[in-house]
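Please look over the sequence and the structure shown below before reading on.

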Amino acid sequence: MSTTPKEVKLKIDGNEVTVPADWTVIKACQENGVDVPHYCYHPDLSIAGNCRICMVGVKGMPRPVVSCAQPVAEGMEVTTTGKDVEEARKSVMEFLLINHPLDCPECDQSGECKLQDYSYDLGRDHGRFHEEKVRKSKATMGPHVKYWGSRCIVCTRCVRFTDEVSGEGELNVIYRGDRSEIALFPGKNLDNPLSLNTVDICPVGALVSSDFLFQTRVWNLHSGPSVCSDCAVGCNSRVDLDATDHIKRIVPRQNEAVNKSWMCDSGRLSFDYTRENRLQKPKLHGKDATWREARRSALELLSTPGSVALISAWNTSEAMASIKGFLGDEFPSVRLFGYGNPVVADQVFPGFTISGDKNPNRAGLKEVLGINDAQASIKSLAGESSSIGCLLLVHNIPNFEITPEMRAILDRSQNVVLLDFATGELLRYGNVAVALPTLTVFEKSGTFVNRTGISQTFDRVMEPVTYGMPETELFAALRHEIHKDAGQPLKAGVRA
């Protein structure tokens with residue numbers, strides 16, 4: 001039996017469109033490129049219909065209707081402009097601005113505020129309200145979220161999020177009428193792992209991020225699309241950077257097949273490692289070296305009998321394919337194993353799941369290298385007793401704590417060639433002969449395969465802050481070092 005929803009035909013501003021019968025008018029408009037102003041409506045939340053600014057005209061109805069709560073119907077004729085519609089929206093804007101403070105110069109939402117945008121498009125050119133404004137409370141909702149009550153338009157997006165997506169129900173509306181505001185239930189804090197999504201969906205500056213507060217103005221930021229590497233979900237994200245290429249915040253991008261409109265707090269705050277404890281240059285036995293010196297030493301060590309390669313699930317699929325091809329062609333006797341952060345239980349919420357697999361590309365290990373279980377792979381290597389001539393360790397995991405399996409492998413390795421972006425615990429362990437600097441996921445392009453098998457390609461969003469290079473470029477340079485006497489040209493962009 002088919003589950004495809006029935007479709008209906010309707011006209012939007014005179015243009016005939018065909019949409020699923022279970023859509024609302026506002027969704028039909030948005031999916032067909034017609035913008036309808038809205039505050040309380042969100043595609044991944046239930047319908048509230050309380051802001052009233054999304055009104056449209058429907059032929060046969062005596063007055064404008066709320067488009068977010070109006071189902072589409074066969075033969076419906078919708079108009080999103082016209083005198084009645086525009087007057088209704090202007091009236092809504094006037095009511096919303098009656099008690100709203102004029103504090104745009106200090107508000108963190110300024111520059112990306114729907115209230116600003118719609119006030120410019122729909123607001124009156126003068127105010128008619130001269131009475132004293134209602135002043136509401138300020139509050140710290142949780143470790144990452146602050147609340148400015150006077151800016152709140154009580155759209156209830158945040159309340160519905162905590163009810164329907166996080167399921168924690170920390171927020172509710174208190175008082176009535178123009179005194180209404182958002183508050184915490186007694187004894188609760190907004191401290192669930194998804195709390196910063198309430199900031200994302202707040203259409204005004206009522207809920208703000210404590211981590212981003214007063215950091216910079218949004219019009220001074222430049223942005224790039226990316227994929228979160230914090231876990232195996234692979235949330236689609238947008239990375240916002242200042243003029244000096246410092247990451248200031250990460251927010252979700254909508255992808256209905258992966259993360260809808262959400263991402264966890266941990267993923268969006270995991271970017272400090274781009275600037276901290278970076279491996280700036282190649283090293284030989286702890287001392288700075290040139291790339292050529294480091295490459296020659298690495299190749300010499302890889303020729304040692306009993307050498308092994310170990311690659312983490314934080315590497316891109318392109319890096320995995322590169323090391324597979326390099327070893328297969330140049331060092332076929334080197335065995336290849338995989339590893340990653342230990343897997344813990346998922347955090348399951350009504351509308352979102354945070355994966356307990358804190359590796360962005362464990363599925364890539366299986367797809368590219370045929371390593372079905374990274375944990376079993378490193379355990380099998382750790383369980384061996386023979387000495388390892390040289391360990392080629394392609395790491396790139398931030399804030400990594402050496403596991404017992406990794407410690408057993410390092411202790412058996414005569415020498416280690418480490419590919420990593422950080423001067424972390426692995427580099428300080430003592431037997432790293434060669435360290436080759438790589439780049440973070442923000443500084444390179446690549447592909448991760450998430451837990452459901454979806455391949456997601458991302459581009460770099462910032463310039464490299466070290467002299468490191470992507471793994472694909474690095475292995476190409478190693479190949480060149482082997483074959484340069486045969487006249488093989490160095491790949492464009494690869495450092496000598």
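Predicted model: local features only at pLDDT ≥ 70, side-chain atom pairs only at ≥ 80, totals over all residues.

- Helices (H or I, at least four residues) and strands (E, at least two) are DSSP runs that are numbered from the N terminus, and two strands pair if DSSP finds at least two bridges between them.
- Strand β6, residues 138–140, pairs with strand β7, residues 145–148, in the antiparallel sense over three bridges, and A139 has Y147 of β7 as its bridge partner.
- With four residues between them, β6 and β7 form a hairpin.
- On the pairing with β10, which covers residues 207–209, β7 is again antiparallel and is joined over three bridges.
- Together these strands make an open sheet of three strands in the order β6-β7-β10, with antiparallel pairing.
- Because β6 and β10 stand at the edges and each has a single partner strand, one side of each is left without a neighbour in the sheet.
- From one strand to the next, the twist averages 20°, where axes are lines fitted to C-alpha atoms (for helices over the stretch in contact) and angles run from 0 to 180 degrees between N-to-C directions.

- Helix α12, residues 471–483, has 13 residues and reaches 18 Å from its first C-alpha to its last, close to the 18 Å expected at 1.5 Å a residue; the expected span is 1.5 Å times one less than the number of residues.
- Several residues of α12 are buried, among them L474, F475 and L478, where buried means under 20% relative accessible area, exposed means over 50%, and partly exposed lies in between (1.4 Å probe, protein chains only).
- The elements that cover the buried residues of α12 include the helices α7 and α8 and the strands β20, β21 and β22.
- Helix α8 has 14 residues and reaches 20 Å between its first and last C-alpha, close to the 20 Å expected at 1.5 Å a residue.
- The buried residues of α8 include M320, I323, F326 and L327.

**Salt bridges**

- The structure holds 20 salt bridges, each being a side-chain nitrogen of Lys or Arg within 4 Å of a carboxyl oxygen of Asp or Glu.
- E384 and R335 form a salt bridge whose closest N and O atoms are 2.9 Å apart; E384 lies in the loop between α10 and β20 and R335 in strand β17, so the pair ties together parts that are 49 residues apart in sequence.
- E384 counts as partly exposed at 24% relative accessibility, and R335 is also partly exposed, with a relative accessible area of 37%.
- R451 and D346 meet through their side chains in a salt bridge of 2.7 Å, N to O; R451 lies in the loop between β23 and β24 and D346 in the loop between β17 and β18, so the pair ties together parts that are 105 residues apart in sequence.
- D288 forms a salt bridge with K283, with the closest N and O atoms 2.9 Å apart, and D288 counts as exposed because its relative accessibility is 52%.
- A network of salt bridges links E112, R238, D240 and R249.

**Two loop residues**

- R135 is found in the loop between α3 and β6, and R135 is exposed, with a relative accessible area of 73%.
- Although R135 and G149 are 14 residues apart in sequence, their C-alpha atoms are 7.7 Å apart in space.
- T24, found in the loop between β2 and α1, counts as buried because its relative accessibility is 17%.
- Leaving aside neighbours within four places in sequence, T24 is in contact (heavy atoms within 4.5 Å) with S67, C68, Q70, P71 and V72.

Key
Residues numbered from 1 in each chain as written. Heavy atoms only, no water.
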